[in-house]
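Visitor: I'm new to this one. Could you show me how to read it, feature by feature?

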Amino acid sequence: MISLTVTALVFGVVFLAELPDKTALAGLVLGTRYRASYVFAGVAAAFLLHVVLAVAAGSVLTLLPQQIVHAITGVLFLGGAAVLLMKKDEEDEEIRKPENQSFWKVAGAGFMLILVAEFGDLTQIMTANLAARYDDPVSVGLGAVLALWAVAGLGIVGGKALMKRVPLALITKVAALLMLGLGVWSLWEAIAG
């Protein structure tokens, strides 16, 4: 039986914790470049996997070496920034053509980015702790996954809305600089931690 109270509590806590996180930015960046439904499918699958792992493992995830997670995340963000900065300018219509964005390529990119970036993240650890505290894995898992999907959806939709008002070349450069900053920050956390 699902406890709506536990689900709502977990949703609120995880949503607020995830909103300012790098994942919202990653969703926004992917949402400006690719078909939103494809991005969301990959991101949603990665979040679902994270929640299942967090609920199943409970507080064991807090023992994972954060330095390794930060280092991998940093390298992925730096790689993403390099790809964005090196990409030749293309017409907006050419970028938005569905045939240039296969479902598996886009969903896979979103899945891998979130899978690695969120591994051992605060919200995953919080979910594990909440699952251990409430001893109600289904309610905790449901609240956490709905919160993460909501934040991802907001980021992706925000990216699409932004693209209608700001030139894609500018969005790409700003996104690359933000990803560069996140990559450097993640690597700093890996070294300093």
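Guide: A polar atom in the side chain of Thr-7 sits 2.9 Å from the backbone oxygen of Ser-3. That's a polar contact: a pair of N or O atoms within 3.5 Å, where, within protein, one must be able to donate a hydrogen and the other to accept it, and residues adjacent in sequence count only if both atoms are side-chain atoms. Before we go on, this is a predicted model, in which local features need pLDDT of at least 70 and side-chain atom pairs count only at pLDDT 80 or more, while totals for chains, interfaces and linings use all residues. Residues are numbered from 1 along each chain as its sequence is written, and side-chain values use heavy atoms, with hydrogens and water left out.

Visitor: Is Thr-7 buried or exposed?

Guide: The words go by relative accessible area: under 20% is buried, over 50% is exposed, and in between is partly exposed (1.4 Å probe, protein chains only). Thr-7 has 9%, so it is buried. Setting aside neighbours within four places in sequence, Thr-7 is in contact (heavy atoms within 4.5 Å) with Ile-2, Ser-139, Leu-142 and Gly-143.

Visitor: Which helix holds Thr-7?

Guide: Thr-7 is in α1. Helices here are DSSP runs of H or I with at least four residues, numbered from the N terminus.

Visitor: What span should α1 have, and what does the model give?

Guide: The expected span is 1.5 Å times one less than the number of residues. For the 15 residues of α1 (residues 4-18) that comes to 21 Å, and the C-alpha atoms at its ends are 21 Å apart, so the two agree. Helix α6 can be read likewise: with 15 residues, it reaches 21 Å from first C-alpha to last, close to the expected 21 Å.

Visitor: Which residues of α1 are buried?

Guide: Here's the general idea: an α-helix has 3.6 residues a turn, so residues three or four places apart point the same way. In α1 the buried ones are Val-6, Thr-7, Val-10, Val-14, Phe-15, Ala-17 and Glu-18. They lie on the same side of α1 because they cover an arc of only 165° around the axis, an arc taken from the directions from the helix axis to the C-beta atoms. On the other side of α1, Leu-4, Thr-5 and Leu-16 are exposed.

Visitor: How far is Leu-4 from Ser-139 in sequence and in space?

Guide: They are 135 residues apart in sequence, and their C-alpha atoms are 7.2 Å apart in space. Leu-4 itself has 69% relative accessibility, so it counts as exposed.

Visitor: Which residues touch the most other members of the largest nonpolar core?

Guide: In soluble globular proteins, nonpolar side chains tend to be buried together. A nonpolar core is a set of buried Ala, Val, Leu, Ile, Met, Phe, Trp, Tyr and Cys residues joined through side-chain atoms within 4.5 Å. The largest one here has 26 residues, and Val-10 and Val-140 touch the most other members. At least two residues each come from α1, α2 (22-33), α3 (36-57), α6 (103-117), α7 (122-134) and α8 (137-165). The largest share, 8 residues, is supplied by α8. Not counting residues up to four places away in sequence, Val-10 touches Leu-130, Val-140, Gly-143 and Ala-144.

Visitor: How many aromatic pairs are there?

Guide: A pair of aromatic rings is described by the distance of the centres and the angle of the planes. Rings of Phe, Tyr and Trp (its six-membered ring) pair if their centres lie within 6.5 Å; planes under 30 degrees apart are stacked, over 60 edge-to-face, and the rest tilted. A search of the whole structure finds 4 pairs. One of them, Tyr-38 with Phe-103, is edge-to-face, at 5.2 Å centre to centre and 85° between the planes. It links distant parts of the chain, with Tyr-38 in α3 and Phe-103 in α6, 65 residues apart. Tyr-38 is buried at 18%, whereas Phe-103 is partly exposed at 29%. Phe-40 and Trp-149 also pair edge-to-face, at 6.4 Å and 70°.

Visitor: Which residues do ring pairs link into a cluster?

Guide: Tyr-38, Phe-103 and Trp-104. Trp-104 is exposed, with a relative accessible area of 71%.
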